[in-house]
Amino acid sequence: MGRRLHVRVPATTANVGSGFDCIGIALNLYDDLDLELLGDPGDLRVAVTGEGEGSVPLDARHLVVSSLQHGLNAWGAERPGLALTCHNRIPHSRGLGSSAAAIVAGLALAWGIARPGEPLDLPELTRISSRLEGHPDNAGAAVWGGAILAWFADDDVRLVNLAVPDALGTRVWVPDFEVATAGARSVLPDEVARHDAVWQAIASAALPLALERRHDLLLKATGDRLHQSYRASLMPESWELMNRLRGAGVPAAISGAGPAVFAIGTADQLAVADATGHDGFVRHDLAIGPGVELSVTA
C-alpha cells in the first residue's frame, strides 16, 4: 500500500459532422487524476477540483470510482482503499467527452492496480470503456489519442487510427450552458429521408480522406443531415454559431451531442474562424492530442 498512480486523459470531440457515432478526435485538454492506495479496503476518499467541483458525488457513485471498480472486477482484482483526487479541466455536459474521460481514467487506474508493471492494454481498455460509455468514437479517442474511426462489431470494437497531419488545427467554442447527452439523443428521429441518408453516406465516406490528406474536402465532409439540425432547438446559439462559421468557409460542427462547437482546418480556415464573432462562448485554441497516460510510483 501507499503506491501512487497518476492518469492523464484527454477531452474528445465526436461525430465531426458527418461521422456520427464513428469518428472521434482527442484534444490537448486534460483531466489529471492522482490515486493513492490505502491499507483499509473500506477506505474511500474522493476530492474534485475544477469542473464538477461541488456537483459530482464524492463516493462510490463517482464515475471514475465506479469505472475503476468495473475494471477490477473484469481483471479479477480486489479493491484496496482509495484516496482519489481529480483535477478536472474538461467541461461537463458540453459534448467534449467528460464522461468518456472519466470512464477511461477509472479503467486505466484499475489496470495499474490489477496489472502492476504491465503497460496499458489499449485494445482491452477500448473494448471495456466503449461498452461502459456506449460510444466507441469518444472512448476510443480518449484511449488512443489522435483521430480515430471506430465502431462496434458484435462484442468487440473495430478501430482505425487516422493520420491527421500537423497542418490541421482545431478550435472549440464552449458556451455557459449544458445539454445532457440523453436529452440530445432523445430528439433524433428513428427514420430519415433516403436522399439525406445518401448525402450523409457520401460525406462520412469522404471524412477520413479529408482529415488525412484532402483538406479541400473538409467543409463538405463535415456537413451533416443526420443529427445536428434535430438538436438545434436544444442549443440555438450553438446552431447559429456553427452555421455562421460554415458560411464563412470554416469546417465546423457541433461537438459530440453539444452544445460546444468544434472546428478543424488549415491555418487560413482557422484565421477566418478566429475573426468570427462568438459572443457567449469561450474559445479554446487546441491541438489534436495523445490518449490516456498512466504512471505508477512506489
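Is Glu-240 buried, partly exposed or exposed? In this predicted model, Glu-240 has a relative accessibility of 41%, so this residue counts as partly exposed. Its partner is Arg-244: the two form a salt bridge, with the closest N and O atoms 2.8 Å apart. Arg-244, at 31% relative accessibility, also counts as partly exposed.

Helix 8 itself covers residues 236–247, twelve residues in total, and reaches 16 Å from its first C-alpha to its last, close to the 16 Å expected at 1.5 Å a residue. Its buried residues are Ser-238, Leu-241, Met-242, Leu-245 and Arg-246. After helix 8 comes Gly-249, with a positive phi near 95°.

Asp-274 and Arg-171 meet through their side chains at 2.8 Å, N to O. This pair links distant parts of the chain, with Asp-274 in helix 9 and Arg-171 in strand 7, 103 residues apart. Arg-171 is buried, with a relative accessible area of 13%, whereas Asp-274 is partly exposed at 26%. Both belong to a network of salt bridges that also takes in Arg-283 and Asp-285.

Elsewhere, a salt bridge of 2.7 Å (N to O) brings together the side chains of Asp-32 and Arg-89. Asp-32 sits in strand 2 (residues 19–38) and Arg-89 in the loop between strand 4 (81–88) and helix 2, 57 residues apart. Here Asp-32 is buried, with a relative accessible area of 7%, while Arg-89 is partly exposed at 41%. The model's salt bridges number 17.

Arg-231, in the loop between helix 7 and helix 8, is buried yet has no salt bridge. The nearest side chain of opposite charge, Asp-21, is 6.5 Å away, and a salt bridge needs the nitrogen and oxygen within 4 Å.

Now for the nonpolar residues. In soluble globular proteins, nonpolar side chains tend to be buried together. The largest nonpolar core in this model has 58 residues, and those with the most contacts inside it are Val-9, Leu-35 and Leu-84. Helix 2 (residues 98–114) gives the most to this core, with twelve residues. Apart from it lies another core of 15 residues, among them Met-235, Met-242, Val-250 and Ala-273.

Definitions and conventions
Residues are numbered from 1 along each chain as its sequence is written. This is a predicted model: local features need pLDDT of at least 70, side-chain atom pairs count only at pLDDT 80 or more; totals for chains, interfaces and linings use all residues. Side-chain values use heavy atoms; hydrogens and water are left out. Helices (H or I, at least four residues) and strands (E, at least two) are DSSP runs, numbered from the N terminus. The expected span of a helix is 1.5 Å times one less than its number of residues. Buried means under 20% relative accessible area, exposed over 50%, partly exposed in between (1.4 Å probe, protein chains only). Lys and Arg count as positive and Asp and Glu as negative; His and the chain ends are not counted. A nonpolar core is a set of buried Ala, Val, Leu, Ile, Met, Phe, Trp, Tyr and Cys residues joined through side-chain atoms within 4.5 Å.
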